[in-house]
Structure formats: C-alpha cells, structure tokens
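Here are my notes on this one, for when you have the model open. Have a look at the core and the helices as you go.

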Amino acid sequence: MSDSPASFRPGPVLAFVLLTFAATWGAEGALIASGLRFDDLVSRSSPALWLMGVMWIPGLAGLAVAMFVERTGPRDLILALSLRMGSVGPYFLSLGLIPLAYAAMYGLTWGAGLSGFDPDLNELAALSGTPIGRDAALKIMLPLSIFLGPLINFVFGLGEELGWRGFLLPRLMPLGKVRAYLILGLLWGVWHAPLVLAGLNYPGQPIQGVVMMCLICLAFGAFLNEMTLHYRSSILAGFLHGAANAQGYGIWTWMFPGAHPLLGGAMGLTGVFVWTAVTCVTIIILRRLRQV
C-alpha cells in the first residue's frame, strides 16, 4: 500500500476504529468499574503489565481488519501495515533525541516554576526504602532508560503503532496530510480517555486531562507520522514510541517532582511545545533528505 492511495475507503477505517475502541474501552471499563484508579504516585509511575498489554489492541485490530475486511493475504501484510524496519539511522538517533526532548520538557517545567527539583530522587528513595543519590540516577538509571528501556518498551509500543501508524495513517492520507494527522491524533487521544478519567497522567483533572491528552497525541503523533511516512516503517514508530515511554517511566518525574499535570512535564503544555518543535525540525530535515 502506498502512502497516498487513489481514494479514501471509509469501511476499513470505521471497522478499525470501532474494533479498537470497543475492545480497549470494554477491557478498561470493566477494570475501572471494579475499582481501578491511578491517583496514587506509585500507580502513576509504574505501568502494569495488563495496561501495557492493552497497547496491542490497535495492532491486533489493524491486523484483523487488513485480513478480514480488506482481504489482505499473508504475503501482503508487511506492505499493508508498513511492517518493515527501514533505515537503522533513526533508531540510533532516537536514543539521543528523545532523552534530550524530555530534558527540555522538564527543564522548561522547572524553569517556569511548575515543579520542584530533586536530583537525589529522595521521593523514590523513600518509597523504595533504599537511598539512591544523583550519581546512581545519572550514571545508572538514566543510561538504562536510554539504552535498555526502548528495547523493553518497543514490544508494547509496536502493538499501538501497527494500528495507528501502520494501518490507520496510510488509509487516512487520501484526505490530505493535515486532516489525516488531525483525525489520527484526536482518535489516539480520545482512545486514552478511560484511563485519564481514572486518574492516569492528569490526577484530579479528568476532563481537562482528556483534552490535554489529545493535544499531546497530536504533537507527538505528528512526529511519529512524519518518521513513519518517510521511512515507510511502523516498526520504527513502535521503537520511537517505546523510547518515549521509557523516558516517561524513567527518572524525570522523580527528579522534577510535583510537576503541574496540565502545564508541565512530558504530558502538559511543555510536552506539547517540545514535541511540536521536534516535529517542525523533523519536517525540515526530512524534506532536505528527500531533495538529496
């Protein structure tokens, strides 16, 4: 499948959206109804395995629609879902780019007075009962999140990106890039709504949190979209997604405690600003690469 098919086909898109939302919201709704919440610090900072497993629903939905609605044969699934690795360069580049983006987000947060600053990670040490210190944070925990974290989180990030970037993005592209990016970003953001309403990422801010999640998904999603379309690889998108999640569950929330959930950190306006800037730079660089 090319990045710009001849015409927009609403059937597969609607089938994917309905299947993805029904399965995800059904599973999460049942857990929330049984008392699941994300309002305490530990639950907000440590992803549960079931939650990471839910990330595979979009990918499985995309696979199912490609096979049973579009009648794609097994040999054509790689093309239909952009299931290829692409160039290795962006993978290595992301190991530096994404941590730098998070450093910028939290640097802006602290500079604006929207968080504290605790380089010794005392709050985490109190929870774990073990002193940490800045040397361990910067020389052990941060490198692990940069080099090992993306590999672990890639397994789950790929599940989402097979659906959003591998399946849905190219099928929205006949509507034009701007519309495709807007629709995908908003759908991706609203898809997170049950967990946000249960306190994830924006504790105490359920409605505003859903809006902010949509903005984050638009900004970060645009970066993923650009990289996916240029390198024709949903695997790359999964790796980038995993690298970002590794930083999100890394040292930053502990080193900059108390970040304002809507204005600061990786999920607030500082995150929207930094990802928008990264996307703009990415567009310029990729455009120049295409001209070489």
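1. Start with the largest nonpolar core, which has 70 residues; Y102 and W275 touch the most other members. A nonpolar core here is a set of buried Ala, Val, Leu, Ile, Met, Phe, Trp, Tyr and Cys residues joined through side-chain atoms within 4.5 Å. Helix α12 (residues 206-231) gives the largest share of this core, 13 residues. Apart from it there is another core of 5 residues, including F38 and L195.

2. A word on where this comes from: the model is predicted, local features need pLDDT of at least 70, side-chain atom pairs count only at pLDDT 80 or more, and totals for chains, interfaces and linings use all residues. Residues are numbered from 1 along each chain as its sequence is written, and side-chain values use heavy atoms, with hydrogens and water left out.

3. W275 sits in helix α15 (residues 269-291); helices are DSSP runs of H or I, at least four residues, numbered from the N terminus. W275 is buried, at 3% relative accessible area (buried means under 20%, with a 1.4 Å probe and protein chains only).

4. What does W275 touch, not counting residues up to four places away in sequence? I98, A101, Y102, M105, A219, F220 and F223, where contact means heavy atoms within 4.5 Å. The C-alpha atoms of W275 and F223 are separated by 7.2 Å, though the two are 52 residues apart along the chain.

5. Leaving aside neighbours within four places in sequence, Y102 contacts A244, Q247, G248, W252, A266 and W275.

6. Lastly, check helix α9 (residues 149-172): 20 of its 24 residues are buried, so α9 is largely enclosed by the rest of the structure.

How values were computed
Buried < 20%, exposed > 50% of the residue type's maximum accessible area, 1.4 Å probe, protein only. Helix = DSSP H or I, 4+ residues; strand = E, 2+ residues; numbered from the N terminus.
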